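Please keep the sequence and the structure in view while reading.

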Amino acid sequence: MQEETQITNEWVRSGLLKAIHINYQKSTLNISPFKKLESKQVSLSLPEANPLQQQTKSLAPVDQILAIMLSKSVRRGKKALIEPFLNSIREKIQGIVDHQQPISFILPTLPFKDQSPFVTGASISHVDLGEYAFFAQIKRILNAVKEVYTPGAHMTLLCDGYIYADIFANGDKKGAGRYKARCEQIKNEYGLYNEVTCFDMREVLFDMPEWKHIETAIQEIVRKLYQTDPAAKERLDTLARRFIFHVAIPNHLYEEARIIYSSSPWPDWIWEKLLDSAIRYSALQLTLKKTELVKRAFPSAVRCTVHPKAAAQLPLHLTNPHNQLLPYNGAATISRQAQTQGQSLFQALRIKRLCDILEYDDVIAVYTENSKDPIYYEIP
């Protein structure tokens with residue numbers, strides 16, 4: 001196919017070294033032992049985010065909208081990273097404003113709860129305070145745009161759990177679908193019936209039958225580069241080591257997995273699984289880049305991202321700006337100190353990995369009446 005003939009070793013190598021992103025890196029691997037936690041039950045009210053402050057009312061609508069999307073409460077990462085691309089983003093928004101239509105934002109996100117034993121300790125479809133804060137944040141962004149631009153905005157959440165389940169969750173695509181359905185329920189609790197759409201990325205793939213051929217071709221090159229190119233090997237080995245916080249280990253609970261990872265060297269089967277996941281993840285990301293899948297499916301939408309990068313994409317905080325981890329990459333925590341200070345649930349939320357939560361003394365797992373897994377953890 002024409003797309004495949006353009007896939008060169010150099011293009012794949014360049015993309016591998018420049019365009020592969022993943023959240024958060026621990027400098028050392030120090031996994032706390034598992035311990036049984038006290039628990040309690042609460043009645044949870046919907047966390048709400050304070051309205052964004054508008055200080056740009058003298059500007060044109062397009063500049064007011066950009067000011068909202070680039071504010072510290074919304075923008076993730078350094079503004080300088082996307083400044084070279086702001087003119088093209090502005091032109092796209094201006095074209096929509098000229099026709100007095102709602103601004104269409106597209107954001108790939110909400111795959112499923114991470115299934116590494118060390119990250120959430122929860123089922124793949126569990127939603128906690130992090131997902132509630134996610135929709136509180138989306139709601140306040142859309143409300144802010146509506147204030148400065150009457151047609152408002154619409155956010156399409158391109159739920160990508162289906163395409164990541166094979167890599168990170170032992171192929172549990174049904175679990176990814178249940179997670180999407182539970183996020184849809186939260187969206188509706190916030191009254192975002194018409195303002196937000198949870199769209200399954202699988203439906204986009206139906207319109208690109210060449211996808212699998214391109215992905216296979218890229219993956220073959222990535223595997224060859226691992227064997228022949230030292231820089232590519234170093235990047236993939238680094239990614240594989242970081243994947244201990246993302247890849248599910250079948251039939252191994254937290255403490256069993258901790259003992260395995262504490263050994264030196266790691267068992268071959270563990271390393272092979274992590275490395276294979278890193279290779280497949282990289283190939284998938286490069287296939288998304290090569291096919292321009294999101295742009296082809298949503299050509300008029302303003303692209304948003306959770307990974308700040310040098311591209312024409314608006315990087316978003318999915319909760320409050322104090323969180324480095326995304327809602328599905330960890331578990332929700334609320335500190336007693338924040339509660340004492342009178343902070344709201346949205347303000348106080350800190351997303352942490354379970355292994356980091358277990359480092360604290362006096363942790364309480366907090367449940368709601370119908371939750372099998374904690375809605376958040378109370379920490380000192």
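## Helix packing and pockets

Helix H10 (residues 230–242) packs against helix H12 (residues 268–291) at an angle of about 115°, and their axes are 8 Å apart. The angle makes H10 roughly perpendicular to H12, and their crossing is right-handed. This is a predicted model, in which local features need pLDDT of at least 70 and side-chain atom pairs count only at pLDDT 80 or more, while totals for chains, interfaces and linings use all residues. Residues are numbered from 1 along each chain as its sequence is written, and side-chain values use heavy atoms, with hydrogens and water left out.

Some terms need their cut-offs. Helices (H or I, at least four residues) and strands (E, at least two) are DSSP runs numbered from the N terminus. Axes are lines fitted to C-alpha atoms, for helices over the stretch in contact, and angles run from 0 to 180 degrees between N-to-C directions. Angles under 35 degrees count as roughly parallel, over 145 as roughly antiparallel, 65 to 115 as roughly perpendicular and the rest as oblique. A crossing is right-handed if the near helix is turned clockwise from the far one by less than a right angle, and left-handed if anticlockwise.

Which residues bring H10 and H12 together? On the H10 side they are Leu236, Asp237, Leu239, Ala240 and Arg241, and they meet Trp271, Leu274, Leu275, Ala278, Ile279, Tyr281 and Ser282 in H12 (contact means heavy atoms within 4.5 Å). The contact of H10 with H12 has nine nonpolar, one polar and two charged residues. In this division Ala, Val, Leu, Ile, Met, Phe, Trp, Tyr, Cys and Pro count as nonpolar, Asp, Glu, Lys and Arg as charged, and the others, Gly among them, as polar.

H10 also packs against H9: their axes come within 6 Å and cross at roughly 110°. That makes H9 roughly perpendicular to H10. From H9, the contact uses Val222, Leu225, Tyr226 and Thr228, and from H10 it uses Pro230, Ala232, Lys233, Leu236 and Asp237.

Helix H9 (residues 211–228) has a contact with H2 as well, at an angle of about 75° and with the axes 10 Å apart. H2 is thus roughly perpendicular to H9. Here Asn9, Trp11, Val12 and Arg13 of H2 meet Ile218, Ile221, Val222 and Leu225 of H9.

Two loops hold local features of the backbone. The peptide bond from serine 264 to proline 265 is cis, with omega near 0°, and proline 265 is placed in the loop between H11 and H12. In the loop between H10 and H11, asparagine 251 has phi near 65°, a positive value in a residue other than glycine.

The pockets come next. On a 1 Å grid over the protein atoms alone, a pocket is an open set of points where a 1.4 Å probe fits, with protein on both sides within 12 Å along at least five of seven lines; lining residues have an atom within 4 Å of a point. Grid points are joined across faces, edges and corners, and a volume is the space filled by probe spheres set on the points.

| Pocket | Volume |
|---|---|
| Largest | about 1300 Å³ |

Of the 48 residues lining the largest pocket, Gln285, Arg303, Thr305, Lys309 and Gln313 are the closest to its centre. H12 gives the most to this lining, with five residues. The lining of the largest pocket comprises 27 nonpolar, 12 polar and nine charged residues.

For the second largest pocket, 30 residues form the lining, and Phe34, Pro117, Gly121, Ala122 and Leu354 are the closest to its centre.
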